[in-house]
Structures are given as C-alpha cells and as structure tokens.
Amino acid sequence: MPEQVPRNAGEGAVAPTGAGGAMDLATEGAGPGNVPGAPEGGGASGEARSLWSDAWHDLRRNPVFLISSLVILFLVVISIWPSLIASGNPLSCDLAKAQDGPAPGHPFGFNGQGCDVYTRTVYGARASVTVGVCATVGVAILGSVLGGLAGFFGGWGDAVLSRITDIFFGIPVVLGGLVLLSVITNTTVWPVIGFIVLLGWPQISRIARGSVITVKQNDFVQAARALGASNTRMLVRHIMPNAIAPVIVVATIALGTYISLEATLSYLGVGLKPPTVSWGIDISTASPYIRNAPHMLLYPAGALAITVLAFIMLGDAVRDALDPKLR
C-alpha cells in the first residue's frame, strides 16, 4: 500500500522517491535566504552578504573611516586643483618679507626666501600624494603578481623569490635611498617612486604569497581544478578575489608610510629637489630657522603629519572591516 504524504508538507513531511528512498519536503525550494543557520541581512530576500559588501556595510558606520576618507578626499582635490584654495604662485618670492610672520592674505607667513608658506603648503600636497599613490599602486601590482604566482605554483620559483625578498628586507630603506638617489639629478617625482617600488614590493609579495597558499587549499579551488579549470582561470576567478583583501589592507597602511619616506628623503636632500614643491623640502629649508621663525616649519610638518595619520587611520578601518577575527 503506498505511503500517505501529509497535506502539510512543510512540517517535516517525507515523500517516497522513485528509488525507494525518501525526500524531506521541508527542504524543497530552500534557497540561501531560508536555509537554517544562514546569515541574516543583505537585502529583502535575506540573502547573505559577501565579504566585500559586508565590509562596506561596516565601513559606512565607522567614524574613523568617514573622517579619514574626508581628509584624504580633500587632499586629493587640492592636489589636483590647488588653485581652488591658494591663488598665489608657490615659486614667487620676495626677499624683503623673508621669515615674516602671518599677514593679511598670507595666514602662514613667509619662509626664508620670502615665499608664501600657505601657498607652498597647499601645492606641496601634490608631490606627496602623487608619490604615495603611484608608489603604492606599483608596489601592490608588482608584489601581488610575483607573490601570487610564487604561492600558486610553488617549487623552485617560490624558493628563489623567498631568497630575493630576504635580501631586500636586509637593505635599510633610508640608507638605500641615500645611495641610489644621490646619483640621480632628475627633479621629478618618478625616481623617488621607482625607488620606493624597488624596495617596497617584497612586503606585499610575502603577504600575497601567504594569502594565495591559504586560499588555494580551499574546497572550491579544488573543485574548480577537478572540473578542468585552467591555472589562469583559477588564479583570476577563484583565488585572487579571495586572497586580495590582506594586500589591500597592507597597501593602504603603507601609503602613508611612503609619503613619510618621500618627505624623509627630500629632507636629506636626495628625494625631490627644487623647483619641485614638497613638504620635505620645506621642512629641510626651515629647520635652521626653527627658533626665529617656527611658522616656517610647523605648517608643512603639520600637513605631513595629518596626511600620514589619515592614511594610517584609513588602513586600520579597512583592516577591521576585512578581518573576520576582529568582528
């Protein structure tokens, strides 16, 4: 006699199958939104959020992220269009006003050559932000590619890359800058960017390598391999999207460090050189006059400190949002 199926199939009802087994009708039609134990939120359907949407959800409610983002947005805007808030010429100087204090139309006073400190501070953001952003992008791309390939394929290539990174980690950054940049007479930002990329990629490479090694052991990567996915497809579609989060966090924090490094090298006279306007150059020229005219040093140094702090705060907020252990 055939089994009777209860009319209310949602209450643990069991229906016979053609193979003589049974199927729980309560699971029929179940999706990501109504699977027991599924995460809440994500939309009206109750679907679980991805790592990136969940991180963005947390970042929008983090005051540290909002404040640092506004500061960075302001810095980017004045780097592109400094004339919006500074109408003067940073290279226009009047020796008769050398070391003078604040005056109408010149709120930060004048430096040792009679240049407007306010105008030079505003225009100095362009060089620092350009060096920081370009160096970070170069370091992230080079380090991610080399570290990702080494972590995915392993073997002798991984061993060689590990030994190369050990060598680079043993080079003092400032000393390396003094040696390499002292022979370059180019006054643009590109030699400094190239130097930072040259010595900065090993850190990102180590992070990317470890992250790729961890992700490639997951079941979904093994399933893609069993289904015949090529190495390129596994790297681009499955591994890198899930391994890139630590790289983004480290690169964001490092951006502020690179801006500080550029200022340090410019202060020592081997980074950016005049006529380029840079906070490091202004701090270097103002150091001998710190007792008689402290305003020459305080404003560019304060702008540098606020910029570095903003990027470090942004990196900390991104780290907290992307690291599940900190939730």
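## The nonpolar patch

Leu178 is placed in helix H5, helices being DSSP runs (H or I, at least four residues) numbered from the N terminus. Leu178 is partly exposed, with a relative accessible area of 34% (buried is under 20%, exposed over 50%, partly exposed in between; 1.4 Å probe, protein chains only). Together with Val173, Val174, Leu175, Val179, Leu180, Leu198, Tyr267 and Leu268, Leu178 makes a nonpolar surface patch of about 710 Å², to which helix H5 (residues 173–181) gives the largest share, six residues. Such patches take residues with over 30% relative accessible area and no salt bridge, nonpolar side chains being joined within 5 Å; a salt bridge is a side-chain nitrogen of Lys or Arg within 4 Å of a carboxyl oxygen of Asp or Glu.

This is a predicted model, in which local features need pLDDT of at least 70 and side-chain atom pairs count only at pLDDT 80 or more, while totals for chains, interfaces and linings use all residues. Residues are numbered from 1 along each chain as its sequence is written, and side-chain values use heavy atoms, with hydrogens and water left out.

## Aromatic pairs

The whole structure holds five aromatic pairs (ring centres within 6.5 Å; planes under 30 degrees apart are stacked, over 60 edge-to-face, the rest tilted). The ring centres of Phe108 and Tyr118 lie 5.2 Å apart with planes at 80 degrees, so this pair is edge-to-face. Phe108, Tyr118 and Tyr299 form one aromatic cluster.

## Ser278

Ser278, in the loop between helix H9 (245–267) and helix H10 (279–286), is buried, with a relative accessible area of 0%. A polar contact of 2.9 Å joins the side chains of Ser278 and Glu262 (a pair of N or O atoms within 3.5 Å; within protein, one must be able to donate a hydrogen and the other to accept it, and residues adjacent in sequence count only if both atoms are side-chain atoms).

Notes
Patch = residues over 30% accessible without salt bridge, like charges linked within 9 Å, V, L, I, M, F, W, Y side chains within 5 Å. Areas by Shrake-Rupley, 256 points an atom, 1.4 Å probe, with all protein chains shown as cover. Helix = DSSP H or I, 4+ residues; strand = E, 2+ residues; numbered from the N terminus. Phe/Tyr/Trp six-rings, centres within 6.5 Å; stacked < 30°, edge-to-face > 60°.
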